[in-house]
Amino acid sequence: MTTCTECPPSDRDDGTDGAPHPFHDNHLVRAIAEGSEQAFSALIATRSGLVFAHLLHRLPAHAVEDAVQETFLAVWTGAAKFRGGNALAWLLRIAECRAIDLSRAQERFWARIEQATREQRVRDSTVVPSAEESFLTSAPGSPALAQALDGLTVRQREVLTLRYFDDLTVHQTARRLGLPKGTVTSCASRGLARLSELLWEQRTQRETEGGDGR
């Protein structure tokens, strides 16, 4: 590794074997600001372990590695903002900010998951059967179904009766009623949707009345 000419001799040499000392942090950051990939690699090699240990008390272990990576990415893109002083302290402040950002992001993520879970539980507890399921699972002669059918338009009752009670196809139903097939399809869809709502309202009313009687 190239010796840092801006560091005092004690920083360049350990005084025992003449081995070059790692780049000084300040010099590395200034070199990174000038686009030096070598300096960036050197800073990661000499300081990533320290940053990792510094963040262990702030984040779960599995998240620390991501925070370290984001810290050095921020150094690479923001080294020009360093205005002198203690580069290591500056690096650790960046790490702390990344840890806070990551922690908040995780909190928002889990809050969204919790909210979605609560909403799903509400939907599950009040789920309305599909229109066709409500219709097909109701007994043809049941009072509930008869009452619900009364809530439909005449055309909707005709279409549903032919399609599901008489088991006619869309084409056969259209011929029987003298309607276009598209009209039969849309009429059946709207009729089923309305029928499902009416059957569900009846069921809710019965449950409410049953609860009041207890």
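User: What should I keep in mind about the numbering and the model?
Analyst: Residues count from 1 along each chain as its sequence is written. Local features of this predicted model need pLDDT of at least 70, side-chain atom pairs count only at pLDDT 80 or more, totals use all residues, and side-chain values use heavy atoms, without hydrogens and water.

User: How many helices and strands does the protein have?
Analyst: There are 10 helices and zero strands, where a helix is a DSSP run (H or I) of at least four residues and a strand (E) one of at least two.

User: Why are helix 8 and helix 9 called oblique to each other?
Analyst: Their axes, for residues 154-165 and 170-177, cross at roughly 135° and come within 10 Å. Angles under 35 degrees count as roughly parallel, over 145 as roughly antiparallel, 65 to 115 as roughly perpendicular and the rest as oblique. Helix 8 and helix 9 are therefore oblique.

User: Which residues meet where helix 8 contacts helix 9?
Analyst: With contact meaning heavy atoms within 4.5 Å, R155, E158, V159, L162 and R163 of helix 8 meet V170, T173, R176 and L177 of helix 9. By class, that contact has four nonpolar, one polar and four charged residues.

User: What share of the protein is buried?
Analyst: Buried residues, meaning those under 20% relative accessible area with a 1.4 Å probe and protein chains only, make up 29% of the 214 residues.

Definitions and conventions
Axes are lines fitted to C-alpha atoms, for helices over the stretch in contact, and angles run from 0 to 180 degrees between N-to-C directions. Ala, Val, Leu, Ile, Met, Phe, Trp, Tyr, Cys and Pro count as nonpolar, Asp, Glu, Lys and Arg as charged, and the others, Gly among them, as polar. Buried means under 20% relative accessible area, exposed over 50%, partly exposed in between (1.4 Å probe, protein chains only).
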